[in-house]
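I opened the model and kept notes as I went. The entries follow in the order I looked things up.

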Amino acid sequence: MTIDSLPGSSGYLDMYPERKISLFKNPYIMGLTIVAGIGGLLFGYDTGVISGALLYIKDDFVAVRESSFLQETIVSMALVGAMIGASAGGWINDAYGRKKATLLADIIFALGSVVMAAAPDPYILILGRLLVGLGVGIASVTAPVYIAEASPSEIRGGLVGMNVLMITGGQFLSYLVNLAFTEVPGTWRWMLGVAGVPAVIQFALMLCMPESPRWLFMKDRKTEAISVLTKIYDVYRLEDEVEYLNSQLEEERQKKRDVRYLDVFRRKEIRLAFLAGAGLQAFQQFTGINTVMYYSPTIVQMAGFKSNQLALLLSLIVAAMNAAGSVLGIYLIDHAGRRKLALSSLAGVIVSLLILSGAFLFGSSDSTGGLSGWFAVIGLALYIAFFSPGMGPVPWTVNSEIYPEAYRGICGGMSATVNWVSNLIVAQSFLSIADALGTGPTFLILAGIAVIAFVFVSCFVPETKGLTFEEVENIWKERAWGNGSNTQSLLEQRNES
C-alpha cells in the first residue's frame with residue numbers, strides 16, 4: 001500500500017473525494033468528541049475557578065491571606081496531582097483502554113470536589129486540590145488520544161481542537177459560576193464543589209460510549225472495533241479503513257512487545273517526536289497562559305481595579321475571548337496547519353506580553369485602575385486573542401498524532417506530564433517572582449521565553465496537517481535517518497498544495 005492510497009491521506013481523498021468527511025457531517029463523531037471533551041471541561045473549570053475562589057478563600061482563612069506561598073500552594077497542588085495523573089495516565093490508557101481511564105478520572109475528580117467544598121481548613125482544601133488534579137491529569141492524556149483515534153485524519157485537528165474549546169469553555173463557565181456565587185453564603189465552597197457535576201455527567205454518558213477502535217484492534221477485539229467504525233465511515237471507506245488497520249496490526253504488535261519508557265530516548269525517531277511534542281507542551285505553559293488564567297483577577301487587581309466583583313467581571317471577558325479564540329482555532333488548525341498557526345500565535349503573544357509588561361513598568365495604578373490599568377486589561381485580552389487559536393490547541397493536537405501507536409500512550413502521558421510540571425513551576429512561582437522583581441519584569445521574562453518558543457517551533461516542529469499516523473511516523477524516520485525515500489519532501493509538498 002503506497003502513501004497515496006492510505007485511507008485518510010490526501011492522496012486517498014484526492015482519488016475518492018466523495019469519501020471525505022466534513023467536521024460537522026457525522027453526529028456520531030461529534031457525540032464521541034463532546035462526551036470525551038467533558039474531560040477538557042473539567043480541566044478548564046478547575047483552571048479558572050480557583051482564580052476567583054482564591055479571592056474568597058483569603059477572606060475565610062487568615063493564614064492564606066497572609067501567605068503568598070500558601071496561596072500558590074492551593075493553586076498549584078492540583079498541578080502536582082495532574083503530574084501524577086498524567087504520568088500514570090499513559091500506562092492506564094494502554095493497559096485498560098481510553099474509556100476506563102476516563103471513568104476513573106471522573107470518579108477521582110468528583111471525590112476531590114466534595115473534599116474541597118467541605119474543607120474545614122486550608123490543608124484539607126489542599127488535599128482536595130490534589131485529588132482533583134489526579135483526575136484532571138488522567139483526563140488530559142486520555143481525551144485527546146480518544147478523540148484522535150476515532151477521528152478521520154482530514155478532520156482530526158478540528159476534533160481534537162474541540163477538546164481545547166471545552167477547556168476554554170470550562171474556564172469561561174468557571175468565571176460565570178464565580179460571579180453567580182459572589183453574594184451566596186459559602187462562596188468559594190460552592191464554586192469548587194460545583195466542579196463535581198460535569199464529572200458525574202461524563203461518567204454517566206461515558207458508560208454508553210464505545211472504546212477507541214484503534215485500541216480495540218490492538219487488543220484483537222476486531223468485531224467491536226468494526227462495530228464502532230461502521231458508525232464513523234460509509235461502507236466503501238469502511239472496507240479500506242479495516243483493511244488498513246489489519247495491515248498495521250501485526251507491525252504494531254511487534255513494536256508493542258518491545259516498548260519500554262527508555263526506548264523513547266534510545267530510538268532516535270521517537271526521541272525527535274517526543275522533543276517536538278514535549279517542547280510544545282512546555283512552551284505552552286512557560287509563555288504564561290495559566291499565569292493569566294489562574295491569576296487574572298489578581299493581575300487585574302494589581303493593575304488597580306480593587307473590587308473583587310469588577311476583577312471577576314473583567315476576567316470573565318478575558319475568558320470569553322479565550323473560548324471564542326478556540327472556536328477560531330478549530331477552523332484554522334486543519335486549514336492553516338499546526339506549524340503556521342503556532343508561529344503566528346507566538347508572534348502575537350510576544351507583542352501582547354510586551355504591552356502587559358509596559359503597562360506595569362511605566363504606568364501608575366490607582367483605586368480605579370487608571371490608564372495603565374486599562375492597558376493591562378487590553379494586554380490580557382490581546383494575549384488571549386493570539387494564544388487561544390494557536391498555542392492553545394496546537395500542542396494537544398500535535399501530541400495526539402505524532403507518536404506511533406505502540407508509543408502513543410507512553411509518550412502522550414510523558415508529554416502531558418511535561419505540561420503539568422511546567423504549569424506547576426509557573427503557577428508556584430508567579431506571585432513570588434512578581435513580589436521580588438515586579439509585575440512588569442515578570443511579564444518581560446515571559447515575552448523572552450515566547451521568543452525562544454518561536455525559534456523552537458521553527459526548527460523542530462513539522463507540519464502534520466491531514467496526514468495519517470503512519471505518514472507522520474515517516475517524517476520522524478526521515479529526520480532521524482535520512483532514509484525515508486523522500487517521504488518528508490512528498491508530505492511537505494502535499495501540505496503546501
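**Entry 1: E72**

I started at E72, which I found in helix α4 (residues 68-96). Helices here are DSSP runs of H or I with at least four residues, strands are runs of E with at least two, and both are numbered from the N terminus. Is E72 buried or exposed? E72 is buried, as its relative accessible area is 0%. I use buried for under 20% relative accessible area, exposed for over 50%, and partly exposed for in between, with a 1.4 Å probe and protein chains only. I also took the C-alpha distance from E72 to L54, and got 9.8 Å for a pair 18 residues apart along the chain.

**Entry 2: ground rules and totals**

I note that this is a predicted model, with local features needing pLDDT of at least 70 and side-chain atom pairs counting only at pLDDT 80 or more, while totals for chains, interfaces and linings use all residues. Residues are numbered from 1 along each chain as its sequence is written, and side-chain values use heavy atoms, with hydrogens and water left out.

I counted 23 helices and 0 strands in the chain. Of its 497 residues, 63% count as buried. I then turned to contacts, meaning heavy atoms within 4.5 Å. Of the contacts with a separation of 6 or more, 82% are between residues 24 or more positions apart.

**Entry 3: the cores**

I looked for nonpolar cores: sets of buried Ala, Val, Leu, Ile, Met, Phe, Trp, Tyr and Cys residues joined through side-chain atoms within 4.5 Å. The largest has 57 residues, and V264, L353, Y383, F443 and V457 have the most contacts inside it. Which helix gives the most to this core? That is α17 (residues 338-362), with 10 residues. A second, separate core has 44 residues, including F61, V64, A86 and V132. In soluble globular proteins, nonpolar side chains tend to be buried together.

I went back to Y383 for its partners. Not counting residues up to four places away in sequence, Y383 touches T287, G288, I289, V292, V349, S352 and L353.

**Entry 4: D334**

D334 sits in the loop between α16 (308-332) and α17. I count D334 as buried because its relative accessibility is 16%. What does its side chain reach? The D334 side chain reaches the backbone nitrogen of G158 at 2.6 Å. I also found a polar contact of 2.8 Å between the side chains of D334 and R338. A polar contact is a pair of N or O atoms within 3.5 Å; within protein, one must be able to donate a hydrogen and the other to accept it, and residues adjacent in sequence count only if both atoms are side-chain atoms. Beyond four places in sequence, D334 is in contact with E154, I155, R156, G157, G158 and K465.

**Entry 5: helix pairs**

For axes I use lines fitted to C-alpha atoms, for helices over the stretch in contact, with angles from 0 to 180 degrees between N-to-C directions. Angles under 35 degrees count as roughly parallel, over 145 as roughly antiparallel, 65 to 115 as roughly perpendicular, and the rest as oblique.

I took α17 with helix α19 (residues 394-401): they pack at about 155°, with axes 10 Å apart. That makes α17 roughly antiparallel to α19. R338, L341 and A342 in α17 meet V394, T397, V398 and E401 in α19.

Next came helix α2 (residues 27-60) and helix α9 (residues 196-206), whose axes come within 9 Å and cross at roughly 165°. That makes α2 roughly antiparallel to α9. V35, A36, I38, G39, L41 and L42 in α2 meet P198, A199, I201, Q202, L205 and M206 in α9.

Then I checked helix α14 (residues 268-286) and helix α22 (residues 469-481), whose axes come within 8 Å and cross at roughly 110°. α14 and α22 are therefore roughly perpendicular to each other. K268, E269, L272, A273 and A276 in α14 meet W476, K477, R479, A480 and W481 in α22.

**Entry 6: two more residues**

D220 has a positive phi of about 60°, although it is not a glycine. I placed D220 in the loop between α10 (213-218) and α11 (222-229). D220 is partly exposed, at 46% relative accessible area.

V115 is in helix α5 (residues 98-118). V115 and G193 are 78 residues apart in sequence, and 8.2 Å apart in space, C-alpha to C-alpha. Leaving aside neighbours within four places in sequence, V115 is in contact with I124, G128 and L131.
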